[in-house]
Structure formats: structure tokens, C-alpha cells
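Please look over the model shown below together with its sequence. The report that follows treats charged pairs, strands, the ligand site and parts of the surface.

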Amino acid sequence: MHQLICTNCNELYDDETKTGRCIKCDEPLETVPVHDGQISEEFPMEKGIFNRYGSFFPFLDLDDSLSLGEGTTPLVHLGKVNDEIKGSNIYIKNEGMNPTWSFKDRGTLTGILRAKAKGIKKIGTVSTGNMAASVAAYAAKAGIQATILVKEEMAEEKIGPIGIYGPRLIKVKGNYRELYSESIRLGQENGIYFINSDAPYRVEGYKTTAFEIYEQLGSKIPDYIIIPTSAGGNFRGIEKGFRELQLSGITDRMPILIASQAKGCNPIVRAFESGSDKVEQLREYGTIAHAIENPFPPSGNQVLRLINKNRGLAVGVSEEDIIVHQRVLAKSGIFVQPASATSLAAANKLINEGTIPSDSKIVCIATASGLKFTESLKHHKIDVESCDIEDLENIMK
Ligand SMILES: *Cc1c(COP(=O)(O)O)cnc(C)c1O
Ligand SMILES: [Zn+2]
């Protein structure tokens, strides 16, 4: 049996607890790290990442029929196409190329496989956007019911792209963090497996991002990886992926991990800068980067522990910087949503300040596609010219 371990006090568990967290210290659990993983060369990437990296998932019974083709996303070298790109060695991992246009799909697949292994026929999540769409889509593919709990004040235009997959959608009034714990408890009572933001088997799926980056860089570890961070699930998964590569003897070091947040909602950055080991709940917050607007991240303390363990950083960027870098990325051919622009914004900030050298090999995670949140386009000046067909010849000269 593959056990779970508390990320803080190392208490071992045979299965997920009723709270989804450690019973002793209330911190998140993770599966016991793999020490003998191998990359299976007989499965090329296009045959599915969970085949190629299967030995890093000894607790999963892989069922290809549940896959929508997640992962194997491009790693794009930015090059010096515009002056706003300060580094010479910056790569964008474009997670907008996943089946529902965000990285969440990697973790939704591992979550749904876990539900299947436990014989649970319904899945659910608490989300305001990308994770809800992802869980609804994978449930549709599997032919099972998804229960999606959203905030009561959620905008109508965000409901459609989730509802189209046919889930049960429930708007809930009340505290969002409470909803997170209530969903796990009520899910267990009602036979619904909740694959929330930092659920252990969701975090597992995110390891594959680390494996791909390592392979796409020609079996090399980057110097820095910058991850837009909200609940902390993706940060934890990417760290665990690199940790397991090292534990398995495939690599000999860890990259330095950096969490990027919007200054308008930056609970992890605040704790990091004040030297605290506990993330405090924010009472007032607001940012255009809605996908990372979590005032009390459930894996915040663990992200802090991982940062402090490995000389990492947590960096806040302004609203203006977010919009500027959304534009900078678009001018390099990649259209991301505002949350996803925080990683490149943080890279430029750190290079400008001299905190990291401009020739460092930096991977910025672009977490989701810009088409998922076109409302952000109103912050950009879009130029359009018009003319009669007779004048076109003149105008184009
Ligand atoms: C979910 C999400 C994040 C944050 O991921 P966490 O695992 O919650 O830290 C960042 N960017 C986008 C676009 C997301 O959808
Ligand atoms: Zn514990």
C-alpha cells in the first residue's frame, strides 16, 4: 500500500483523512515520495504523460480512456523580441495548451483515477473558474456526475464555460475556506470525491510539469522556476516532481522555486517577507488576477516551508505589471490570462533588482489561456484601422 505523509509533522496515514489534512497538525498531506521513478523511453510523450512517467505513480491504475490528452505542453524560449524581456534565457511553459486550457487538467486526471480506484462514482470541486471547468470536463468524459460548488457572487459569464459540460452546479453563500473543508466532509458522506485545489492526488498530477520541463530542456534542471500561486497545489506538485527526480537519482539538484502572486492578494508573499512561518488570512484583497485570488491558501504554510528549505522566494507584482506582462507575452505570441502573467512579471522584477542574474535559465509557468478571461482585454489598447476597399491600396503602401 502507498501511504500518505503529513508535509509538516511526517505523520503517516494509510488513506486520506476525513478532513483531507493531518489530524495532528492540520497541515496538508502528500503521498510518500517515490525513490525509484524512471522515465519510460518506450512511451514517447505523445502516448500520454502518465504512461511515460507511470513509475512515479505506483498508486494509480492508469486508464487511458479517462484521458483528454493533458500535458505535453510547449516550452517556448522567449528570445529578445522586445525590450521588456530582461532575461536572455527565459522559457514559458504554456499550460494554456491543455484540454480545458489550464494546468488544472493534469491534476484532475490523477484525481479522477484515484476516485475510480476507490470505487467512487462521483467527483466534485470547489472553484471559481479553471478547476471547475476541468473537473466538469473530465467527469463528462468519464460519464460520471460532477458536483461543482461556486461562490454565490460568481459572474454569469463564468458559469457558462463550466455549465456547458453538464455538471451539477451549486452557488454557495458563505466563507470560501469553510466551503473547502465542508465539501470534503460532505463529499465523504455522500459518495462524492472532492478533487480540490491542493488535494493530495490532484497535486500528484502536477509532478508531470516538472518531468516535462526537465526533458524539454534536454535532461537539464533550470536555475529558477516561477509559479503563479494561489492555493499552492501547483507549486507543491512541481516541487515534488523535481524532488522525486532527484530522489530517484535521475538529477543531482533542485531548481530554485519562486511563487508569484498579485500584490492585491499576496498572503504567501506577506508571510515570506515578514519571516513568519504561518500564512495569515487576508481580510481585504482584490486583483485582476482572479485565478490566484485566494486570501487564505490551504497549502500556504507548506509553500512557505518549501521556499525556505530551498532558498526560494515569494514575489508580489502590481496590477499594472500584470497587465504590462500580459501584453509582453502577447507580443511574443502567447496570450495568457492575468494570473499567468505574474510569473514573467516576477522574473523581470527580480532581474531588474539584481536578485537573479539576467542570464539565468528561468522557466515561467503560464498557467492558463487568455481566451478564458477575455474581459481582461479591456485593459489593453487594441488598434484597429478601417477604410473603403478603394482606399486599401493607398493605406497599405
Ligand atoms: C488555479 C490557478 C492558479 C493557482 O494554482 P494553485 O494550485 O491554486 O496554487 C494559477 N493560475 C491559474 C490560471 C489557475 O487557474
Ligand atoms: Zn501533521
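The side chains of R114 and E16 form a salt bridge with an N to O distance of 4.0 Å, the term being used for a side-chain nitrogen of Lys or Arg within 4 Å of a carboxyl oxygen of Asp or Glu. Because R114 belongs to helix α2 and E16 to the loop between β2 and β3, this pair ties together parts that are 98 residues apart in sequence. Helices (H or I, at least four residues) and strands (E, at least two) are DSSP runs, numbered from the N terminus. This is a predicted model, in which local features need pLDDT of at least 70 and side-chain atom pairs count only at pLDDT 80 or more, whereas totals for chains, interfaces and linings use all residues. Residues are numbered from 1 along each chain as its sequence is written, chains are lettered from A and ligands numbered from 1 in the order in which they are written, and side-chain values use heavy atoms, with hydrogens and water left out.

By the salt-bridge rule the count comes to 28. One of these joins D15 and K118, whose closest N and O atoms are 3.0 Å apart; the pair links distant parts of the chain, with D15 in the loop between β2 and β3 and K118 in the loop between α2 (104-117) and β6 (122-126), 103 residues apart. D15 counts as partly exposed because its relative accessibility is 34%, and K118 is likewise partly exposed, at 33%. A further salt bridge is formed by the side chains of E27 and R305, at 2.8 Å from N to O. E27 lies in the loop between β2 and β3 and R305 in helix α9 (residues 300-309), so this pair ties together parts that are 278 residues apart in sequence. With 8% relative accessibility E27 counts as buried, whereas R305, at 23%, counts as partly exposed. Through shared partners, salt bridges join D15, E16, R114 and K118 into one network.

## Strands

An open sheet of three strands runs in the order β2-β1-β3 with antiparallel pairing, where two strands are said to pair if DSSP finds at least two bridges between them. Its edge strands are β2 (12-13) and β3 (29-31), each of which pairs on one side only. Strand β1 (residues 4-6) is paired with β2 in the antiparallel sense over two bridges, and L4 stands opposite Y13 in β2.

Strand β10 (residues 224-228) has five of its five residues buried, so it is largely enclosed by the rest of the structure. Y224, I226 and P228 point one way from β10 and I225 and I227 the other way, all of them buried. Strand β11 (residues 256-262) pairs with β10 in the parallel sense over five bridges, and here P228 stands opposite S260 in β11.

## The site of ligand 1

There are 16 residues around ligand 1, of which K104, N130, S230, G232 and T367 come nearest; a residue is near a molecule or strand if one of its heavy atoms lies within 4 Å of it. Polar contacts, taken as pairs of N or O atoms within 3.5 Å, include one between an oxygen atom of ligand 1 and a polar backbone atom of S230, at 2.9 Å. An oxygen atom of ligand 1 is also 2.8 Å from a polar backbone atom of G232, and a nitrogen atom of ligand 1 lies 2.8 Å from a polar side-chain atom of T367. Taken alone, ligand 1 exposes 380 Å², and the protein buries 96% of that; accessible areas come from the Shrake-Rupley method with a 1.4 Å probe, and for residues only the protein chains shown count as cover.

## Surface features

A nonpolar surface patch of about 440 Å² is made by I389, L392, I395 and M396. Patches are made of residues with over 30% relative accessible area and no salt bridge, like charges being joined within 9 Å and nonpolar side chains (Val, Leu, Ile, Met, Phe, Trp, Tyr) within 5 Å. L392 is placed in helix α12 (residues 392-396) and, at 35% relative accessibility, counts as partly exposed.

M97 lies in the loop between β5 (90-94) and α2, and its relative accessibility of 53% makes it count as exposed. M97 and A366 are 269 residues apart in sequence, yet in space their C-alpha atoms are 9.9 Å apart.

Definitions and conventions
Buried < 20%, exposed > 50% of the residue type's maximum accessible area, 1.4 Å probe, protein only. Polar contact = N/O pair within 3.5 Å; in protein donor to acceptor, adjacent residues only side chain to side chain.
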